[in-house]
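Please open the model in your viewer and keep the sequence panel beside it. The stops below follow one another as selections, each with a short account of what is there.

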Amino acid sequence: MDTEPLTQLDPSYTTVMRIEGLLTTLPFVIGAAVLSLAEVVPAYVPAIPVVILAIILIGVLPLKRYRSRGYDMSTDRLRVVKGVLFHSDTVVPFSRVQHLDVEQGPLERMFGIARLILHTAGTHNASVTLPGLRHADATSMREEIRQHVKRESM
């Protein structure tokens, strides 16, 4: 088991996850409001599960996901750790990397973070994604790994 301390992700990643949780909760809020306004059920009946869902998806889960994720990049490999309920500890040797991507969605771009994706040979776990990196860190990690892969192939 690797014992190196993990590097934490960018703190704005929790904000992005909270906004994603808010967007996920929004249809349930609208549905509860429609049920309440139509007086199909008492207003508190749909409100209770929606409030619980919102607390979990907006308040609790983003912090737990942020604290359970991290990475360690050494000279020849990248270790990615994640998982709240199901723990995953993945080590990708740079010699197995076929190509690299840095991706940003609209929310990630707004907060200046990105995902580094390492694609490897094979079918099982053929790509490893490291979300929540500052965009500059993701691009510099991509270039560092690319240089290592280039040296290995010569």
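Two strands are said to pair if DSSP finds at least two bridges between them, and helices (H or I, at least four residues) and strands (E, at least two) are DSSP runs, numbered from the N terminus. This is a predicted model, in which local features need pLDDT of at least 70 and side-chain atom pairs count only at pLDDT 80 or more, while totals for chains, interfaces and linings use all residues. Residues are numbered from 1 along each chain as its sequence is written, and side-chain values use heavy atoms, with hydrogens and water left out.

Begin by selecting residues 77-82 and 88-93, strands β2 and β3, which run antiparallel and are joined by 6 bridges. Within this pair Arg79 stands opposite Val91 in β3, and in the hairpin, which has 5 residues between the strands, Gly83 takes a positive phi near 120 degrees. Strand β2 is mostly covered, with 5 of its 6 residues buried, where buried means under 20% relative accessible area, exposed over 50%, and partly exposed in between (1.4 Å probe, protein chains only).

A hairpin of 3 residues joins β1 to β2, and Met73 stands opposite Leu78 in β2.

Next select helix α1 (residues 12-37) and helix α2 (residues 44-68), whose axes come within 9 Å and cross at roughly 175 degrees. That crossing makes α1 roughly antiparallel to α2; angles under 35 degrees count as roughly parallel, over 145 as roughly antiparallel, 65 to 115 as roughly perpendicular and the rest as oblique. Axes here are lines fitted to C-alpha atoms, for helices over the stretch in contact, and angles run from 0 to 180 degrees between N-to-C directions.

Within α1, pick Thr24, which is partly exposed with a relative accessible area of 42%. The C-alpha atoms of Thr24 and Leu57 are separated by 8.0 Å, although these residues are 33 apart along the chain.

Staying on α2, centre on Leu61, where the helix bends by about 40 degrees, with a proline, Pro62, following within four residues; the bend is the angle between axes fitted to the seven residues ending there and the seven starting there. Among the buried residues of α2 are Pro62 and Tyr66.

Finally, select the open sheet of 3 strands in the order β4-β5-β6, with antiparallel pairing. Its edge strands are β4 (97-103) and β6 (127-134), each pairing on one side only.
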